[in-house]
Amino acid sequence: MQLTETDNTEYKRKVTDNIEKSVVSFLNASGGEIHIGIDPNGTVYGVDDYDEEIRKFNDRVRTNITPSALGLFTVTPKMGSNGKVYFVVKIASGFEKPYYINEFGMSPKGCFIRTGTQSSPMTQTMIDTLYTKRSLHTLKNTVSPRQKLTFTQLKIYYDGMGFSTENENFLENLDLYTDDGKFNYLAYLMADNNAVSVKIARYADTDKVVILQKTECGECSLLKATYTMLAALDMYNETAVEITYPKRIETRLVDKLALREAAINAIVHNDYIKGAYPVVEFYSDRVEVTSSGGLPTGLEKEEFFRGRSHPRNREIMRIFKDMDLCEQLGSGMKRIMKVYSPEDFEISTNFVVASFKYDEHALKVMSGSEKVTEKYGKSSGKVREKFVTMSATKKRMLEMISEDNTITTDAMARAIGLTVRAVEKNIKQLRDAGILERRNGGRSGYWMIIEQ
């Protein structure tokens with residue numbers, strides 16, 4: 001297939017001295033892609049030194065473009081049909097237009113915009129118009145409410161990903177300072193201590209009248225809060241387990257990957273400066289993931305659902321990409337759209353709410369209303385299907401039993417914070433479902449988890 005340039009795709013044989021011009025033109029438009037290792041005629045030549053070419057690209061973008069474009073692009077390796085390796089730079093539409101090449105400043109010589117397959121100079125009128133619309137309340141240029149900040153947690157995560165945190169410019173490279181050298185709001189979000197909290201709640205019904213459970217993930221680095229939240233969501237998003245012949249069937253209340261992506265999107269794109277934080281709420285029939293701020297200025301609903309990236313907080317996006325919490329720009333929404341639809345979203349001026357209905361079959365299994373049927377095995381005769389709700393409590397109990405198969409119901413009740421009667425009820429359900437057995441009796445007895 002012949003490769004051709006389009007209004008949002010450009011080919012470069014290698015990283016050239018004018019690569020910034022192409023990057024700026026996409027930042028000032030609606031985003032696009034630069035394929036490096038392909039000539040303008042569509043021939044894939046590949047790159048001789050992949051790591052060196054990426055380093056050159058990153059260095060030029062970081063040092064030669066203002067405002068900072070870090071967090072607004074991703075780099076992905078590709079292989080042509082001829083076996084040659086090239087890479088694709090996916091660039092988002094910038095949130096602080098107009099972007100310009102430092103050498104020429106905010107002028108027609110430094111500001112470009114994508115028109116067709118060309119990077120065209122912007123007129124002074126276009127530049128002035130974009131500048132008046134620019135949001136000055138970004139994480140980078142908003143001063144942190146606290147200036148005595150520490151970043152031990154942030155450094156631990158970066159060390160764990162193989163980055164060096166000993167460099168004296170580590171914090172500066174992450175854009176944690178305002179232009180006048182003060183810690184900014186991004187620094188506040190990433191600091192070891194702050195007042196930021198991501199909330200998870202479970203309600204008894206379809207409204208918020210009765211709260212059954214609540215989890216606060218916060219007052220720490222936003223990275224730590226995110227990992228805590230993802231672990232908690234795995235517990236809240238219960239699994240209905242059917243023990244049938246010849247296999248065990250597990251069904252989540254909502255799609256696990258889609259929920260994860262929706263939660264990460266809410267954290268990355270939330271408008272923190274307004275003082276509202278992401279919330280995940282589990283009702284009796286659905287889960288809702290809410291972020292504040294609505295859609296970023298310049299991003300239409302249709303573009304949002306197509307996965308067009310226009311990050312409100314490009315600084316957070318950059319850090320989350322470093323942690324592999326998000327991949328290509330806009331990929332999270334594309335994953336969600338494979339399972340859910342635009343009708344599952346409510347978008348207003350101030351909020352974006354993803355509302356995912358629970359799987360109907362999982363609800364029937366968990367409520368016990370699913371009809372118990374009979375099946376016949378190949379050699380074991382008639383087998384009755386069994387159903388059990390694999391709740392967070394049951395998961396925790398099985399974890400404790402796997403660690404100590406002689407543990408008593410009293411010990412489990414104390415560890416989980418339930419009554420002995422409640423623990424015994426859960427054990428009965430696990431035993432009835434064929435997941436758990438009690439071997440021997442009395443003081444010499446022990447638990448046996450049955451592999452399905």
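Residue L222 belongs to helix α7, which spans residues 222–236; helices are DSSP runs of H or I with at least four residues, strands are runs of E with at least two, and both are numbered from the N terminus. The model is predicted, so local features need pLDDT of at least 70 and side-chain atom pairs count only at pLDDT 80 or more, while totals for chains, interfaces and linings use all residues. Residues are numbered from 1 along each chain as its sequence is written, and side-chain values use heavy atoms, with hydrogens and water left out.

L222 has a relative accessible area of 1% and is therefore buried, a term that means under 20% relative accessible area, with exposed meaning over 50% and partly exposed in between (1.4 Å probe, protein chains only). Leaving aside residues up to four places away in sequence, L222 touches L189, M190, I267, Y272 and I316; contact here means heavy atoms within 4.5 Å. K182 lies 40 residues from L222 along the chain, and 19 Å separates their C-alpha atoms.

The description now turns to a sheet. Six strands form an open sheet in the order β10-β9-β13-β14-β16-β15, and their pairing is mixed. Two strands count as paired if DSSP finds at least two bridges between them. At the edges stand β10 (211–218) and β15 (345–347), each of which pairs on one side only. On average, neighbouring strands of this sheet are turned by 15° against each other, direction ignored. Axes are lines fitted to C-alpha atoms, for helices over the stretch in contact, and angles between N-to-C directions run from 0 to 180 degrees. Helix α8 (residues 256–269) packs on the sheet, where it touches β9 (197–203), β13, β14 and β16 (351–357), and its direction makes about 20° with that of β14.

Within this sheet, β13 (residues 279–282) and β14 (residues 286–292) are antiparallel partners over 4 bridges, and a hairpin of 3 residues joins them. V280 stands opposite V289 in β14, and E281 stands opposite E288 in that strand. β14 also pairs with β16 in the antiparallel sense, over 7 bridges; there the bridge partner of E288 is S355.

How many residues of β14 are buried? The count is 7 of its 7 residues. R286, E288, T290 and S292 point one way from the strand, whereas V287, V289 and S291 point the other way. In a regular strand the side chains alternate between the two faces of the sheet.

The model also contains pockets. On a 1 Å grid over the protein atoms alone, a pocket is an open set of points with protein on both sides within 12 Å along at least five of seven lines, and lining residues have an atom within 4 Å of a point. The largest pocket holds about 770 Å³ of space. Its lining consists of 24 residues, and N58, L70, F163, R318 and D322 lie nearest its centre. Elements giving two or more residues to this lining are α2 (50–64), β4 (73–79), α5 (170–173) and α10 (314–322), with the largest share, 5 residues, coming from β4.

The second largest pocket contains about 540 Å³ of space. It is lined by 24 residues, of which S68, K140, D175, D179 and R314 lie nearest its centre. Here α2, β3 (65–66) and α5 are the elements that give two or more residues to the lining.

How values were computed:
1 Å grid on protein atoms, 1.4 Å probe; cavity = no way out; pocket = protein on both sides within 12 Å on 5 of 7 lines; lining within 4 Å. Points joined across faces, edges and corners; volume = space filled by probe spheres on them.
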